[in-house]
Amino acid sequence: MKPPLPSSVAATPRLRLRLTAAAEAIVRRGHPWVFADSVREQNREGAAGELAAIFDRNDKFFAIGFYDPQSPIRVRILHVGQSLAIDEKFWRDRLVAALTRRREWFDAQTTGYRLINGESDGWPGLVLDRYEQTCVLKIYTAAWFAHLTGIVHLIREHLHPELIVLRLSRKLGVSVPLRTDGEVLFQGGPAPPANTTVIFQEHGLRLEADVRRGQKTGFFLDQRENRQQVEALAAHRTVLNAFSFSGGFSLYAARGGATSVTDLDLSAHALAAARRNFALNHNHPTIAACRREQIQADAFQWLAHNLDRKFDLVILDPPSLARREAERAGAIRAYEKLAGAGIAHLRRNGILVACSCSGHVPQEEFFGAVRTAARRSDRRLIEWQTTGQPPDHPATFKEAAYLKAIYLRERGGK
Ligand code: SAH
């Protein structure tokens with residue numbers, strides 16, 4: 001018999017909810033989240049992963065979603081409209097749709113990318129990344145625990161991976177039952193070592209991902225397009241990669257012909273990973289020829305204090321500066337200050353690439369902060385590009401759009 005798939009958990013009576021009028025309208029317009037304080041009525045307590053049927057004020061069914069009693073996002077919507085079965089076919093169709101959407105985007109030169117991006121691909125609170133023959137499944141709601149066996153079955157059937165690793169979001173909180181972050185859900189061959197590092201390719205560069213313990217699912221796949229853009233800008237330039245992590249931007253800059261690349265990160269682990277990534281790509285003549293420097297320091301402090309160090313291209317890609325809504329105003333000020341500090345390290349006619357991955361800071365507010373920093377500097381900076389989410393990280397609703405970058409370039413500077 002096939003393992004159980006995410007279908008209705010046997011429970012009687014069926015879990016039924018009614019929402020506030022405002023929340024009902026929001027769900028009907030396609031927003032995938034119902035917050036706890038929007039639930040006006042429910043017929044009984046629900047368990048994590050149970051299907052919650054949502055009825056309107058005329059007692060007519062209009063949506064169905066996964067229930068999570070521990071999360072402030074009480075229901076993650078799976079479907080709005082006529083009643084339909086959330087069965088094996090439902091999930092198979094959604095997986096195939098996500099895979100089909102990505103079919104044209106990557107060739108054999110890129111073997112690490114996102115296969116499922118949560119709500120925006122119809123899989124609320126679940127992310128699936130591919131690194132070569134390894135799949136990393138990351139979950140953001142306890143609702144998925146009840147359905148993992150079925151998901152693993154589907155992934156194996158459609159993707160034939162050698163390894164499936166489970167990652168747990170910090171948002172799940174401390175009371176995570178039974179499962180561990182980094183746990184192997186499936187393995188084809190002999191048992192993988194505890195420190196599993198997978199080598200994959202991105203635009204022909206070889207990179208490592210620490211799939212069991214690394215940040216995110218092991219690598220920042222979301223910056224692929226910005227890295228490629230940096231490669232195109234880097235020829236004959238000296239580059240500072242602030243918040244460099246495993247050196248993704250640095251490698252692209254080196255391949256693009258940068259004369260030197262400086263990695264700046266607080267983490268010794270991250271800097272060591274960047275060294276390994278450079279070693280993996282030594283066969284590229286421009287990478288082998290690029291001068292390399294690493295600085296282990298707090299980037300905010302280092303940028304503030306080492307003003308004698310100037311670069312032709314400065315990349316700023318800090319971690320999220322606003323973990324919650326209340327931190328938004330402070331984060332915007334911090335982005336402005338950081339951009340100002342980055343600009344102060346630009347050589348004449350230099351380029352600044354400033355990124356933000358804070359979901360709580362809207363795109364325009366982040367761009368506004370960087371533009372303000374540019375105006376306040378004594379440099380003639382011209383904005384020539386902004387970017388958002390890459391195609392394999394679609395964002396179908398406001399809260400899902402976290403990544404943005406702005407490119408400034410000095411023209412005729414002193
Ligand atoms: N640009 C990277 C991703 C950056 S992730 C890429 O393309 O892969 C953010 C990085 O910032 C992490 O490596 C983390 O170690 C580092 N970091 C966090 N706080 C820092 C600080 N105060 N100073 C320097 N680095 C910091």
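## A covered helix, a held ligand and an open sheet

Let's start with helix α5, where Gly248, Phe249, Ser250, Leu251, Tyr252, Ala253, Ala254 and Arg255 are buried. This is a predicted model, and in it α5 spans residues 248–255, with eight of its eight residues buried, so that the helix is mostly covered. Just past the end of α5, Gly257 adopts a positive phi of about 100 degrees.

Now to the ligand. There are 16 residues around it, and those that come nearest are Arg227, Asp265, Leu266, Ala299 and Asp317.

| Residue and atom | Ligand atom | Distance |
|---|---|---|
| Arg227, side-chain N or O | oxygen | 2.8 Å |
| Phe243, backbone N or O | nitrogen | 3.3 Å |
| Asp265, polar side-chain atom | oxygen | 2.7 Å |

On its own the ligand has 580 Å² of accessible area, and the protein covers 91% of that.

Elsewhere you will find an open sheet of five strands, ordered β7-β8-β9-β10-β11, with mixed pairing. Its edges are β7 (112–117) and β11 (184–187); each has a single partner strand, so one side of each lacks a neighbour in the sheet. From one strand to the next, the twist averages 15 degrees.

Within this sheet, how do β9 and β10 pair, and over how many bridges? Strand β9 (residues 134–139) runs parallel to strand β10 (residues 163–168), and six bridges join the two. Ile139, for instance, has Leu168 of β10 as its bridge partner.

Technical notes:
Residues numbered from 1 in each chain as written. Predicted model: local features only at pLDDT ≥ 70, side-chain atom pairs only at ≥ 80, totals over all residues. Heavy atoms only, no water. Near = heavy atom within 4 Å. Polar contact = N/O pair within 3.5 Å; in protein donor to acceptor, adjacent residues only side chain to side chain. Areas by Shrake-Rupley, 256 points an atom, 1.4 Å probe, with all protein chains shown as cover. Buried < 20%, exposed > 50% of the residue type's maximum accessible area, 1.4 Å probe, protein only. Helix = DSSP H or I, 4+ residues; strand = E, 2+ residues; numbered from the N terminus. Pairing = 2+ DSSP bridges. Axes fitted to C-alpha atoms, helices over the stretch in contact; angles between N-to-C directions.
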